[in-house]
Amino acid sequence: MTRINGFIGRRNFLKFAGTGSLAIAATTIGGSLIGDSQKTAIADVNPANPNPVNPNQALKLLLDGNQRFIQYKRQYPHQSLARLQLVAKAQYPFAAILGCADSRVPAEIIFDQGLGDLFVVRVAGNVASDMVIGSLEYTIAVLGTQLIVVLGHTKCGAVAAAIKNEPMPGMIGRVAESIKPALNKLNSTDAVIANVQYQAKKLQQSSTILGQRLQSGKLKILGACYDIDTGKVNLIP
């Protein structure tokens with residue numbers, strides 16, 4: 001793959017990732033893509049992960065980190081100046097998290113991880129929108145990540161709003177509408193789990209890139225729920 005001053009050429013990136021799959025890979029001005037070496041958009045990325053972490057290893061790292069978090073034995077790994085300087089050159093996150101934007105669920109903290117460890121996409125209700133899917137395709141196809149965890153949480157306001165099914169101002173209603181297909185007269189706890197399962201399934205069905213990686217065994221997509229009261233992350237079957 002061609003690299004220009006440490007950047008991936010736009011055409012080669014699109015060829016690598018799949019036609020039309022990653023809107024975040026390019027910048028548009030007046031409907032045209034910025035294409036020369038002075039304006040290329042993909043930075044600090046090495047297209048070949050020298051030491052990819054397989055999904056099972058990645059999951060163990062996450063769960064071990066969560067155990068440290070809930071037992072008050074946090075190690076605060078990969079937060080030194082040396083780590084900062086290392087990941088400034090390239091990033092190889094071992095897992096991707098699709099989490100809720102809720103301020104009480106910061107992925108790097110609850111999994112006791114550091115700089116460059118996790119590729120985190122956070123949006124209210126952990127909804128798998130097109131932009132979210134594109135972001136996750138990026139870390140899978142370019143950065144070599146092999147695990148995606150869709151992380152819901154108890155007492156989720158977005159899920160509660162979808163259950164109430166009441167009018168909401170501005171664009172807030174769009175979040176609830178993206179969750180409603182997962183619900184069928186469920187209580188709030190069951191609805192959180194149902195929404196995680198629905199969004200995880202949507203990732204698999206809506207992305208050719210993710211689907212191909214799943215079939216080849218180079219990707220796992222799992223659901224999990226974070227307990228706001230205890231700090232524990234529980235996997236969802």
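The axes of helix 6 (157-164) and helix 7 (172-179) come within 8 Å and cross at roughly 80 degrees. Axes here are lines fitted to C-alpha atoms, for helices over the stretch in contact, with angles running from 0 to 180 degrees between N-to-C directions. Helix 6 and helix 7 are therefore roughly perpendicular to each other. That label covers 65 to 115 degrees; under 35 counts as roughly parallel, over 145 as roughly antiparallel, and the rest as oblique. Ala-158, Val-159, Ala-161 and Ala-162 of helix 6 meet Val-175, Ala-176 and Ile-179 of helix 7. Contact means heavy atoms within 4.5 Å.

This is a predicted model: local features need pLDDT of at least 70, side-chain atom pairs count only at pLDDT 80 or more, and totals for chains, interfaces and linings use all residues. Residues are numbered from 1 along each chain as its sequence is written, and side-chain values use heavy atoms, with hydrogens and water left out. Helices (H or I, at least four residues) and strands (E, at least two) are DSSP runs, numbered from the N terminus.

**Helix 5 and the cores**

Helix 5 covers residues 130-141. At 1.5 Å a residue, its 12 residues should span 16 Å, and its end C-alpha atoms are 16 Å apart, which agrees. The expected span is 1.5 Å times one less than the number of residues. Buried means under 20% relative accessible area, exposed over 50%, and partly exposed in between (1.4 Å probe, protein chains only). Among the buried residues are Val-132, Ile-133, Leu-136, Glu-137 and Tyr-138.

A nonpolar core is a set of buried Ala, Val, Leu, Ile, Met, Phe, Trp, Tyr and Cys residues joined through side-chain atoms within 4.5 Å. The largest has 36 residues; Leu-98, Leu-136, Ile-148, Val-150, Ile-179, Leu-203 and Ile-221 touch the most other members. Helix 5 gives the most to this core, with six residues. Leaving aside neighbours within four places in sequence, Leu-136 is in contact with Ala-96, Leu-98, Val-121, Ile-148, Leu-203 and Leu-210.

**Salt bridges**

A salt bridge is a side-chain nitrogen of Lys or Arg within 4 Å of a carboxyl oxygen of Asp or Glu. The count comes to six by this rule. The table includes three of them.

| Pair | N to O distance |
|---|---|
| Arg-83 and Asp-117 | 3.0 Å |
| Asp-102 and Arg-104 | 2.8 Å |
| Lys-180 and Glu-177 | 2.7 Å |

Arg-83 and Asp-117 form a salt bridge. This pair links distant parts of the chain, 34 residues apart: Arg-83 sits in helix 3 (residues 81-87), Asp-117 in the loop between helix 4 (107-110) and strand 6 (118-122). Both Arg-83 and Asp-117 are buried. Asp-102 is buried at 16% relative accessibility, whereas Arg-104 is partly exposed at 40%. Lys-180 is partly exposed at 24%, and Glu-177 is partly exposed at 47%.

**Positive phi**

Most residues other than glycine have a negative phi. Asp-112 has a positive phi, near 50 degrees. Asp-112 is found in the loop between helix 4 and strand 6 and is buried, with a relative accessible area of 2%. Asn-165 also has a positive phi, of about 55 degrees. Asn-165 lies in the loop between helix 6 and helix 7 and is exposed, with a relative accessible area of 51%.
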